[in-house]
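This briefing summarises a protein structure by topic. Please read it alongside the sequence and the coordinates.

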Amino acid sequence: MRPPRPVLAAVAVTALAAAAPAALAAQHAAPRAKATVVLQDIEFKPAAVTLKRGGSVTFAWKDGDTPHNVTPTGAKRFRRLATRKAGSASVRFTRAGTYRYACTIHPGMDGRIVVR
């Protein structure tokens with residue numbers, strides 16, 4: 001026997017309500033002076049960072065033999081970080097705005113930095 005539709009709707013609404021605070025928290029996180037983004041498991045971890053103006057992000061390659069790069073994709077630009085398999089590199093952000101980036105080797109591997 002299948003559950004009645006109102007029960008399914010209630011379950012769906014509850015699931016969405018539980019996920020919303022986490023998404024809002026990431027979007028409205030308190031700005032930090034420094035952050036680290038790890039390139040691992042073909043992902044940027046975390047995918048979203050909020051910085052204070054003048055803050056910096058250190059990108060750390062930790063995906064074994066899998067190469068990655070960090071390439072700006074939005075209107076706000078920063079220097080591209082070359083393809084590599086290990087090591088780290090830092091970028092300083094002096095202007096407010098949203099900076100989007102991706103690994104051009106792996107479709108769907110993208111992130112953003114919000115500078116306030």
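A contact means heavy atoms within 4.5 Å. By that rule, residues 24 or more positions apart account for 48% of the contacts in the protein with a separation of 6 or more. The structure is a predicted model, in which local features need pLDDT of at least 70, side-chain atom pairs count only at pLDDT 80 or more, and totals for chains, interfaces and linings use all residues. Residues are numbered from 1 along each chain as its sequence is written, and side-chain values use heavy atoms, with hydrogens and water left out.

**Overall architecture**

- Of the 116 residues, 32% count as buried; buried means under 20% relative accessible area, exposed means over 50%, and partly exposed lies in between (1.4 Å probe, protein chains only).
- The protein exposes about 7200 Å², of which carbon and sulfur atoms supply 58%; accessible areas come from the Shrake-Rupley method with a 1.4 Å probe, and for residues only the protein chains shown count as cover.

**Strand pairing around S8**

- Strand S3 (residues 48–62) pairs with strand S8 (residues 110–115) in the parallel sense over four bridges; two strands pair if DSSP finds at least two bridges between them.
- Within this pairing, Val-49 has Ile-113 in S8 as its bridge partner.
- Strand S7 (residues 97–102) runs antiparallel to S8, and six bridges join the two.
- Gly-111 in S8 stands opposite Tyr-101.
- In a regular strand the side chains alternate between the two faces of the sheet.

**Aromatic contacts**

- Six aromatic pairs are found in a search of the whole structure; rings of Phe, Tyr and Trp (its six-membered ring) pair if their centres lie within 6.5 Å, with planes under 30 degrees apart counted as stacked, over 60 as edge-to-face and the rest as tilted.
- One of these pairs, Phe-44 with Tyr-101, is edge-to-face, at 4.8 Å centre to centre and 85° between the planes.
- This pair links distant parts of the chain, with Phe-44 in strand S2 (residues 43–45) and Tyr-101 in strand S7, 57 residues apart.
- Phe-44 and Tyr-101 are buried.
- The ring centres of Phe-78 and Tyr-99 are 6.4 Å apart and their planes stand at 65°, so this pair is edge-to-face.
- Phe-78 lies in the loop between strand S4 (68–72) and strand S5 (81–84), whereas Tyr-99 lies in strand S7, so the pair ties together parts that are 21 residues apart in sequence.
- Both Phe-78 and Tyr-99 are buried.
- One aromatic cluster is formed by Phe-44, Phe-59, Phe-78, Phe-93, Tyr-99 and Tyr-101.
- Arg-84 lies over the face of Trp-61, at 4.6 Å from the ring centre; a charge sits over a ring if NZ of Lys or CZ of Arg is within 6 Å of the ring centre and within 35 degrees of the ring normal.

**Salt bridges**

- The count comes to two salt bridges, a salt bridge being a side-chain nitrogen of Lys or Arg within 4 Å of a carboxyl oxygen of Asp or Glu.
- Salt bridges that share partners join Asp-41, Glu-43 and Lys-45 into one network.
- Lys-45 counts as partly exposed, at 31% relative accessibility, and Glu-43 counts as partly exposed at 40%.

- Asp-41 lies in the loop between strand S1 (32–40) and S2, and its phi is near 55°, a positive value in a residue other than glycine.
- Ile-42 is found in the loop between S1 and S2 and has a positive phi near 55°, again in a residue other than glycine.
- The relative accessible area of Ile-42 is 41%, so this residue is partly exposed.
- Lys-45 and Pro-46 are joined by a cis peptide bond, with omega about -5°; Pro-46 is found in the loop between S2 and S3.
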